[in-house]
Amino acid sequence: QVQLGESGRGLVQAGGSLRLSCAASGRTFRSNAMGWFRQAPGKEREFVAAIHWSSGSTYSADSVKGRFTISRDNAKNTVYLQMNSLKPEDTAVYYCAATEWATMRPTGSWGQGTQVTVSS
């Protein structure tokens, strides 16, 4: 079982920046990647970005490419999401999740989520 805990929630103005962190503990080896997902009010949860634990390869959704950067610290079992040039449409609850790299789908372990609000 993987336990995940997100931090970094905040309210920022459009154009601002925020960094989210996700600390993983437990059987992280069962997942070859970690991903960030988000869910806006009234919308389905969507993929944001993922990073492969061992290679460090990353993949991001088109909507955030060039603005969001995912990174990891293997020694700390922590994954980060640096969000720049934030837009009001980025407002959502952000979740980290153990992710299968081949499919970019979550494998079942989710954090509790952290709220990001971007004001116009």
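The model is predicted, so local features need pLDDT of at least 70 and side-chain atom pairs count only at pLDDT 80 or more, while totals for chains, interfaces and linings use all residues. Residues are numbered from 1 along each chain as its sequence is written, and side-chain values use heavy atoms, with hydrogens and water left out.

**Exercise 1.** Locate the disulfide (a pair of cysteine sulfur atoms within 2.5 Å) and describe its setting.

*Solution.* 
1. Cysteine 22 belongs to strand β3 (residues 18-26) and cysteine 96 to strand β9 (residues 92-100), so the bond ties together parts 74 residues apart in sequence. Strands are DSSP runs (E, at least two residues), numbered from the N terminus.
2. The S-S torsion is about 65°, and the disulfide is therefore right-handed.
3. Cysteine 22 is buried at 0% relative accessibility, and cysteine 96 is buried at 1%. Buried means under 20% relative accessible area (1.4 Å probe, protein chains only).

**Exercise 2.** Describe the surroundings of arginine 38.

*Solution.* 
1. Arginine 38 lies in strand β4 (residues 33-39).
2. The side chain of arginine 38 makes a polar contact of 2.9 Å with that of aspartate 90, and another of 2.9 Å with that of tyrosine 94. A polar contact is a pair of N or O atoms within 3.5 Å; within protein, one must be able to donate a hydrogen and the other to accept it, and residues adjacent in sequence count only if both atoms are side-chain atoms.
3. Leaving aside residues up to four places away in sequence, arginine 38 touches residues including Glu44, Phe68 and Val93; contact means heavy atoms within 4.5 Å.

Methods. Helices (H or I, at least four residues) and strands (E, at least two) are DSSP runs, numbered from the N terminus. Buried means under 20% relative accessible area, exposed over 50%, partly exposed in between (1.4 Å probe, protein chains only).
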